[in-house]
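How can a reader tell which is which? Have a look at the model first.

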Amino acid sequence: MTGKIIGNSLSPRGTKGKTTSSQADESPADAPTRQVRRRPKNRRAQIAAESAAAFGAHGYHGVSMDDIARRLDISSTALYRHFPSKYALFREELLRLSGIAVGAVELPAEAVDWTPRRRVDHVLDAVIGLTIANRPTVALARWERRYLEPSDLQEFTDQFTAAIATLRKLIGEVRPELDGRDRAVRAVSIFAVVSSIGDHHATVPAKALARLLHTTSWTLINADLRGVHSTTPADRDDEQPQPFMHDLLLGKAVELFHERGYPNVSMEDIAAAADLSAASAVYRYYRSKSDLLVAAFRRTADRVSGAIAPAVAAADTPAEALGTLIELYVSGSFAERALTFVYYAEFSHVDQPDQVTLRHLQQLIITEWAKLVVEARPDLSIGEARILVHAAFGLVVDLGRAFGDHGISPQEKVIRLLETILLGEPLPR
């Protein structure tokens, strides 16, 4: 019986069912064996990790279940056995990240006997270490969380709020003279600086990166921000001149991208926001929705890059030039909060050729700022300076999201915080 099965399985076309003498002499050990693919015991964790990497690289809307299945070399059916939807995978990763934040600020039992500074050191090391370990997906928590369903977003927000509140309390133990709002601003700033490494690919060795982030966190805690008080935002002048149509469309598009997310906005939505009768009217000014996004990003990049040469030419020192650039960057970001957020959150939706151009321009801006940082602080490498410039740019967005226009983090305070990050301390006034 065994020989008959082997003969049938190996006989060439035209000899099926016939057994040659050489085949009859083959033993089962000589026959090729069928490879059986066994399901890994940790398949669910493997799927979660691979999907997280995909989301981190392409964003939530840039990944499909088929993409994830292909990355794992499994069928979509096998994928759905573990997770019912792409959203379930996305939710799992974001809540994992927020859970990590809560765990990072927990102190061991023996910390009750530690000094306040040692407790802060312990938490900073944990937050920084876990952020570096999860760098490929950290940006999801920063920019894609708005795609969580309301109950999940609440859970996510509550966890991060609890982590920030713990750090805020520890900062108060080190600097009891600070009021609650000032401690909150510094705690948010530290989380923003550390998590900013998820926004870019600038690299330095892991130990040097951890040391840089740790030192910068302490400069934010120790910074002297006296003379900066919480303020009520000034009333804006409502009598603004009517913009040209292409500017009006760009402004309305950015507002919608900020409120809903780029994938959830149509050209019809933009036309309606600008009081146009149909989407076809928008196409007279912009070829596509992506074209609007590129125009918005180019406007931001041109504003920042155009300020560099005049600031350097007018300054006596690199620190003075940086001071001017920081003031211009912060004031521009405050004036266009939505655009500044969209610049970070929606970059992946720009068409690839435009991404290349915009990234090149962004790298030039970062490099020019970083050169000034190194000239002002020769102890830093150019790689470390790039990390700090990215952190400073991102901080403006994070403080705006956390505190809005409630006066808790006014423009002057944000300027001082950026000076602290880039120069090690606020500039004298």
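Predicted model: local features only at pLDDT ≥ 70, side-chain atom pairs only at ≥ 80, totals over all residues.

Q: How many salt bridges does the structure hold?
A: Side chains of opposite charge can pair when their charged atoms come close. Here a pair counts when a side-chain nitrogen of Lys or Arg is within 4 Å of a carboxyl oxygen of Asp or Glu. The total for the structure is 24.

Q: Is arginine 70 buried or exposed?
A: Exposed means over 50% relative accessible area. Arginine 70 has a value of 58%. Arginine 70 itself is exposed.

Q: Arginine 91 and aspartate 152 form a salt bridge; how many residues apart in sequence are the parts tied together by the pair?
A: The two side chains meet at 2.8 Å, N to O. Arginine 91 lies in helix 6 (residues 86-104), and aspartate 152 lies in helix 9 (residues 150-174). The pair therefore ties together parts whose separation in sequence is 61 residues.

Q: Is aspartate 152 buried or exposed?
A: Buried means under 20% relative accessible area. Arginine 91 has 31% and counts as partly exposed. Aspartate 152 has 7%, so it counts as buried.

Q: Which helix holds both aspartate 302 and arginine 298?
A: Their side chains meet in a salt bridge at 3.1 Å, N to O. Aspartate 302 is partly exposed at 37%, and arginine 298 is partly exposed at 39%. The two are four residues apart, about one helical turn, in helix 15 (residues 289-306).

Q: Which residues are linked with Arg142 in a network of salt bridges?
A: Salt bridges can also join up into a network, as they do around Arg142. The residues linked with Arg142 are Asp199, Asp398 and Arg401.

Q: What is the relative accessible area of valine 389?
A: Valine 389 has its place in helix 20 (residues 382-403). Leaving aside neighbours within four places in sequence, it is in contact with Ile366, Trp369, Ala370, Val373 and Leu422. Valine 389 is buried, and its relative accessible area is 0%.

Q: How many Å apart in space are valine 389 and serine 196?
A: In sequence, valine 389 and serine 196 are 193 residues apart. In space, C-alpha to C-alpha, the distance is 10.0 Å.

Key:
Residues numbered from 1 in each chain as written. Heavy atoms only, no water. Buried < 20%, exposed > 50% of the residue type's maximum accessible area, 1.4 Å probe, protein only. Contact = heavy atoms within 4.5 Å.
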